[in-house]
Amino acid sequence: MTKNGQPTPLAPLAFPLVGSHLIEASAGTGKTYTIAMLYVRLVLGHGGGSAFPGGPLTPPDILVVTFTEAATEELRDRIRARLAEAAARFREDPAGIRPPDDPDPLHHLRAGYPPDQWPVCARRLELAAEWMDEAAVSTIHGWCNRMLREHAFDSGSPFLQNLETDQRALAAETVRDYWRTFVYPLDQDGAATFLACWSAPDALQRVVGPLLGHAGRLPEPDGPANVLRAMREERQQRLAELKRPWAAWSEELRDLFDKAKAAKAIDGRKLRSDWYGNWLDALRDWATMPDHEMPDLGKGWDRLKREGIAEAWTKGTPPDHPAFEAISRLKPALEALPNPKPALLAHAVRWIARTLDEARRRRAEIDFDDLLTGLDAALRGPLGDRLADIIRRQFPVALVDEFQDTDPVQYRIFERVYQVAENRQDCALVLIGDPKQAIYAFRGADIHTYLKARRAVGNRVFTLDTNFRSTGAMVEAANHCFRRAEEEEGG
C-alpha cells in the first residue's frame, strides 16, 4: 500500500493475494522472480490473512498474461523451475534447516509450515510443476481466443472461425475494389486531385491500414465524386476572393517601388528591382490565372510584408499599402483552402473497413485485433455480466505482466472481469508493470491506460525497489533523470 503517496516496498511472502493491486517493477528488480514466488504461494494457499480466500489453487486456475509468445514461454519455464525448486526445499531433511539469515524467501516460506506438513506442500508443488504445460500462461490475444471459443454461447462467438494472422492480401484486394468502384469513374479533374493524394492503390493502402481499427470514429462523408465536386467549388470560390485585389495591387506596388528606387528611398541590397519585379509578376500571373493556386514568391513572402518594407526603406516614412498587410495573411489563407484529402481518406477507411469485415465474416476469418474487440464487445453485451462471472470463477486470480504495454481495450477486458476499483475479495488481479518502459505506443499501448489503472487501485500500489542488474551509480543516474522530468512537469 502507498504511504505518503509512495508505493510500499513489496515483501513477496506478505503480499496480499486477494483484491486488485499494482506492482511497479523497474528493469532488473526481480519482476519475474516475484511473479514465480507469488505463484508458489497461490499453489500452497500460503499467507494467512493475506492468502487467497479460496484456498490452494492449481495452474489452470491462475491466469498469467504477458504480451509476446517468447515472454510467455520464458515465464512458464521460470514458474515451473521455481515450483520444482520449492518442492525440493520442502523435501529437504528438517535437520538440515538453513540459517535464519538465509535470504531466499523459500527458506522463510518453508519455516512458516510445521515439518509434518512439508511432504504435503512438496507434493502439491511437484504436481503443479508437472501441470505447467496446461497452465493458463498465455498472451492476451491467446487468452481472448480461448475465452471466445470456450464460452461461445455467452460471448456470441461463432464456433468455427479461422484465425488469419496475415490479412494483407485480403486488405490489398479490398483497396483495389475501392479504387475500381470510386476512383475509375471520376472525371478528369477529380481523378487528378485524387491521384495527387494517392498515386496508386498501394499508396492508399499504406495510409488506410493503420486507421482501419478506428474507422468507427471517423465521419461518414459523401463518396469521392461528391466530395471532390463540392470541395472544388468551395475552393475555387475562396481562391477567387483571395485573388481579386492582387492584379491591381501588383501594378500599384510596382509603380510605388520604381518611384522609390528613382528617389533612392530603398536599400537596393534588400529590395532590388529585379527581385520585386519577379515577385510582382508572380502575383499578377497568379491573380489572373484561375487554376494557379500558389504564387512563387520565395523570399518575397517576408520582404513584401509591412516589416520587410520598413527594413528596406531608407528615406522618409515607409509607405502604407493594404497589400503589405494582406501578404502576411495570404500564404496561411492559401494553405488553409478546403482540402478534400481528409474527407476522401475518411470515406476510404470506412468503406474499406466495412467491406473487409464483410469479407472476413463470409470467410469466417478473424485477426488478432478481432480477438480483443470480440471479447470486449461480449463483456459489454447483454450477457456480459454472466460471461464476466464465468471467467472470474474460471480464473479467480490473474497476474498481468508488462502491464505498461496494455491498450485501452485490453484494460477494459480485465476491468470488466475483475472490477479493479471495487477491490473484490473473491478474486485477485495483480497488475505488474513499469511506466518508464512504456515504449510501445506504436502498437496501441497507452500510458494513460496505465495511469487510469493506477488511480483505480487507489493506495494498493507496491514496488520492487532493489535493482539486481545495474550498479548503484547507473540506477541513481536514471532516477535523477526521471526526477527532473517529474519536477518540470509538476512545475
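**Notes on the predicted model**

1. Across the protein, pLDDT averages 87, and 88% of the residues score at least 70.

2. Some ground rules for reading on: this is a predicted model, in which local features need pLDDT of at least 70, side-chain atom pairs count only at pLDDT 80 or more, and totals for chains, interfaces and linings use all residues. Residues are numbered from 1 along each chain as its sequence is written, and side-chain values use heavy atoms, with hydrogens and water left out.

3. Have a look at strand 9, residues 461-464 (strands are DSSP runs of E, at least two residues, numbered from the N terminus). Val461 and Thr463 on one side are buried, as are Phe462 and Leu464 on the other, so both faces are covered (buried means under 20% relative accessible area, with a 1.4 Å probe and protein chains only).

4. Strand 9 also has parallel partners (two strands pair if DSSP finds at least two bridges between them). Strand 1, residues 8-9, is joined to strand 9 by two bridges, with threonine 8 partnering phenylalanine 462. Strand 2, residues 19-25, pairs with strand 9 over four bridges, and here alanine 25 stands opposite leucine 464.

5. Finally, the cysteines: cysteine 144 is buried because its relative accessibility is 0%, and cysteine 427 is buried at 2%. The whole structure has zero disulfides (pairs of cysteine sulfur atoms within 2.5 Å).

Notes: Buried means under 20% relative accessible area, exposed over 50%, partly exposed in between (1.4 Å probe, protein chains only). pLDDT is the predictor's confidence in each residue, from 0 to 100.
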